[in-house]
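Let's take a walk through part of this structure together. Keep the picture open as you read.

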Amino acid sequence: MRIQPRRQILDIWRSVVRSSFRDGTWEWRGREESNSISDAEQLLCLLYPATEIEELALDRPDEMAEDVTKTLEKLGEPKMIPQRIIEILEDYLRRYTTDGEPDFGGKGYLSAESGEPTDEQLRLGLVASYSLSVSLCLAALGFLKVYKPPQKRGDKWGDRIKKLQAELNRRLTASMVGLLRSFAVNPIDTGVDDAEVRAAMLAMVNQSNESHRVVVAKLRERLARQRTRLMEDATLSVSDEMVDKLDEDTTLFEIGWAWGIVNGATAVNFVADVEPAKGGFEREPEICSTPGFAAARPYLFTTVLALDGINDIRSTRTQELDLLNEEQRRLSDALALRYELTQRYWSIIARFSDPWPLEDIPWRTSDGEESDYYSLMVSAVLVQDLEGRRADDDDLDRAVTVFESLAQRGRITRRVTKDDASVALHVPGQRMRLEGSAKLGPELLWHASDFAPLLLKRCLQAAALSTRRGSRDRLMDLAETTMDHMITRRIEVSEASGLWDDPGEILFPYDTRPAEKLPSWYMTERVVEALVTASRTFRKEPLRSTAIRARAEEVLHEADQLLNQLLLTSDSDDTSARSVQLTEIERKISRANEILIDRPATANALGQSALRGLDELAVAQDNASRGV
Amino acid sequence: MLVFAASDKGGTGRSVTSCNVAFHLAQRHDVAYLDFDFGSPTAGAIFDITRAERGIEQEGMHSYFTDGLADPRRLDVWTSTSRPDLRGANIRAGRLTFFPGEIGGAEFGMTDERVDRCAELLTQLDHEYEVVLVDLSAGRSTALHMALAATALSKMRSVTCRWLVFHRWTRQHIVAAHGLVYGKHGILEVGKISGHDQKDLQEDIRFVRVAVPLLKEHNPAQSAPQATWLLAYDDELRKLAVDRRLGQSRVLGTTPVEPILQYREQLITESDVAAKIANATTIKGFRSLADRLVDDEVWEGA
C-alpha cells in the first residue's frame, strides 16, 4: 500500500478522537493501565503530527486545513481545538505531578516474572518515560509558542497558558535530568566478574576470527577518541576509579543509556536560577539527587529511545522556536555530548569488522541475549549516524540488506508458520530484564513489542538519506510492505477501530484469538511517528539521474533545432492550427529547459512530446511536397 | 437579539441569505425581519409576498423614519407568502414577521431624531421577538450608520447585537469586506465615533462567505489542471482572508453556490430539495448559519 501520511494520520486522528474524547472530556484509556508513558503516547498521537507536519498544524485555527477541522469536529470548531489541547495537557500534568515533582512511572508497562511489582517499582522513573516526556514537552511548548489565544473580555487563556508553559518547562527540565543521570559507562576488564560479558562482546565484534589480543587492540584504537573523551571530559562526571579502569590497556567498555537512573549516578546540582514563573523550580527537584537503581549497563532499546528524545532537543524546530531556557540549554549541551559519544560508539561497533557484526543477525548483547530486536536497534543507530553524514551510501546499501533480512526473520515479508517462534518478537515482544530493579521487589520486565513500526520508521528515515535510487526503492518497497503488515494489525471492531494493535489475523493465523477492542497507545504512537518520518522523507526532491538528464538534453537539442527550422519556413502571419501547435511545442521546450536540472525525467517527457508534435508537421509537409 | 446584515458590495447575496437564515431561525424562534435596504427593498420578493414584491405602497419602514408613522406595517410571512409549501399546513414553533420597505422610497439622511426612533423600534422589537434581523443596504449606507449610532445609545447597552458582513469568495470581495469592517469609515471606525467600544464591537462581527464553490466535489466538466488551479487559488484566498482578519475564527459560516439562487432569489426549502431542484448542501449551509447565529459559544472571542 502506498504510504500517505496526511490521509493516514487523519484516519488515525479520527479514531483517536472517537475513542478518547467522549461527552466533551478526554479519557485516558488504553489497553494497559494508564501511566505516564502510555498517556503521553495517547496525547502525542495527536500532538506530534500537529507540531511536525505543517499542513496538520493545530496552533493557528484560522489556517487549519478543512480536512483537518472536519476530522477533529468532535473536539469543537477550529478555534476550540487548541483550547481542548491545552485542557488535555493540563490534565496530563495534573495526573503526573505529585507535590510539584514530575512523575515518570511506568505502571502498566511493567511486569515481573514472579509476583507483582511493588508500588515503589511502579513509580520508578524510566528512560522510556523521560525520552517520551522530552518529546511531549517540546511539542507542547512549541504549540503554545505559536498559538495566540483569543483576546477576550476578561482574558483567562493568557494566564492559563503561562502557567502551563511553566509546568511543561519543569517537566522538560526534570526529564532531561533523568536522561542525563541514566547515561551509563560500563568498563569491561579482564577480571572474573566480567569474563562472560567480555567473551560475548568479543564474539560479537570479532567476525573475522582474529585473536582476541588483536581484536582488543583494534577496538581500543578505533574507540580511542571516545575513551579519551570519557576519561578527560569533566562534564561527563566519570569517577576516578572508572578512569583508572578505562586507562588499562585491556579494558573494553560500553556506553549508552541504562533503563533508568543509574545506581550511584552523581547528583546534578545545577543552580536553580530560573524563576518558577518561567519554568524554574522553587527548590531543587528530587530527580536531581534521587538514588538510582538501574545497573550501570547500557541497554540498546533505551539507548535508541534516549537518542530519539535528544534528537528532538537538538532539532531545528527547538532552536527556531527558541524553546529551551538557560538551564535546559546547559542540560542539552551535556546530553549532546553523550549523544555524540554513544552514536559514534555504536556506529563503530556495528561496522567493526568485515563482515559487519551488524550483518551477523541476531545481534547478541554483552549480557549474552540474542535478538533481531537488538539488530534493529543497532541499525537504527547506524542510520542516525548516516544522517550526520559519517556513514556513506555503501554503508547504507549494506544496512538495507540488514533491514530486509530483519523483515523476513520478523515475519513481515514472510508468512508466519505454525508454532513460529518469531512471533514472540511482536507478541509479547522482546523481553528485557531491568537489572537492578530487584532491590525494590521482584525483578522487573519490560516488553518491547514495537519491532514492526520501528522497522517502518527506520526504513523511511534511511530512504530520505539515500542518494542511490536502487537502495531508496528497496527501502520504500520494504516500508510499504511493512505498512501493509501494520494495516492488517489495526483494530477492526469497537470505538478503537483504526488504532493498533490487533495482530490476530497476521501473526496468529492458526489460533483463535478474540478481537482486540482497546487501543495500545504504545503501538499507535509508533505508527504515527513512522508516518511523520514518512512525511519528512516525501518532502525531499526526487533523486536526479545524470543519465536521464543527458538524454533530455539530447532530446531538447533536436526539438529546439527542428522548431527553429519550422519557424523559418512558416508564414509569419499564419494563425491556423499549425501555428497553434508550434506555440504549444515552443512552450513545452521552454518548460522543459526550466526544469531540466530539478526534474530531468519530466523534461525528457516534455521534449519527447514536442518531438512527436514536430514530426506530425514534418510528415504532413513531406507528404505535400511530394508534388502536385 | 438584534442581528444586522451588512455587505460592502451589492450582489453579495446578503438579502437572500438573510431571508433564508430568518426562515430557518423561525422554525424554532420568533423572528422579525426588517428591510432597511431603503434604496431597493426586495426582501418581499424573496419571501414570495406578492403584494410587497418591491416594497409596499405606504406605511413601510420609510414612513416610520420620515413621516413619523407610529407602527410600521407587519406582514406575517406564513400567511402572506404565495408559496404553497410555506403556507398553512406546516406547524411551526415561531413567528416570522416581515417589516417591508416602500416602493419608490429613497435613501434619506440621518438625524438624531431618526437614530432615536431607530433605537426605539429595535428595543421594542427585541422585547417582542427572540431574533430581530435587520437587512442593511450595501456599502457604508445611512442604514448602517443609523444602526451603529442607535445601538451605541446607552439605553440599548443591554441588548445583544450581532453584526454579519456578507461577501463572496473572490479577491475583490475579500478586500472589500475587510475595508467595510476595518477600513476608513468602516464599521469599526464609525462605531467608535458613534460611541461603541471598538474591541467589543469587533467581537460582535462575523463574516459570511456566500456562494463559495465546493471545489472538492466531483465535477465532470472540470479538467485536472483546472481543479488544481482552483484549489491552489482557493488556498491563496484563504491566506488572504487570514491576512485581512477575515479568517475562519471570524467566520459565521459559508454557503455553497446554489444554481437556483443564481437565477431567482428565493427561500430554499426542504421541498425544493425533495424535488431535486435545489442542493441539499444549500439548506445545510443556511441551517448551520442559523444555528451558529444563536449559539453563544460561537460568539465567544475570536
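Before we start, one definition: two strands count as paired if DSSP finds at least two bridges between them. Keep in mind, too, that this is a predicted model. It scores ipTM 0.72 and pTM 0.87. For chain B, the mean pLDDT is 92, and 98% of its residues reach 70 or more.

Now find strand β2 of chain B, residues 31-36. Which strands does β2(B) pair with? One is β5(B), in the parallel sense, over 6 bridges. Within that pairing, look for Leu34(B): standing opposite it in β5(B) is Val134(B). Another is strand β4 of chain B, residues 96-99, and this pairing is parallel as well, with 4 bridges. Here Val31(B) has Leu96(B) as its bridge partner.

So what about the faces of β2(B): are they covered or open? Both are covered. Val31(B), Tyr33(B) and Asp35(B) sit buried on one side, while Ala32(B), Leu34(B) and Phe36(B) are buried on the other. Because 6 of the 6 residues of β2(B) are buried, the strand is largely enclosed by the rest of the structure.

Next, move to helix α6 of chain B, which runs over residues 142-152. How many of its residues are buried? The count is 10 of 11, so to speak a mostly covered helix. Among the buried ones are Leu144(B), His145(B), Met146(B) and Thr151(B). And what covers them? The cover of α6(B) includes our strand β2, along with β1, β5, β6, α5 and α8 of chain B.

Notes. Residues are numbered from 1 along each chain as its sequence is written. Chains are lettered from A and ligands numbered from 1 in the order in which they are written. This is a predicted model: local features need pLDDT of at least 70, side-chain atom pairs count only at pLDDT 80 or more; totals for chains, interfaces and linings use all residues. A residue is buried if 20 or more other C-beta atoms lie within 10 Å of its own, exposed if 12 or fewer, and partly exposed in between; C-beta atoms are placed from the backbone. Helices (H or I, at least four residues) and strands (E, at least two) are DSSP runs, numbered from the N terminus. Two residues are in contact if their C-beta atoms, placed from the backbone, lie within 7 Å. pLDDT is the predictor's confidence in each residue, from 0 to 100.
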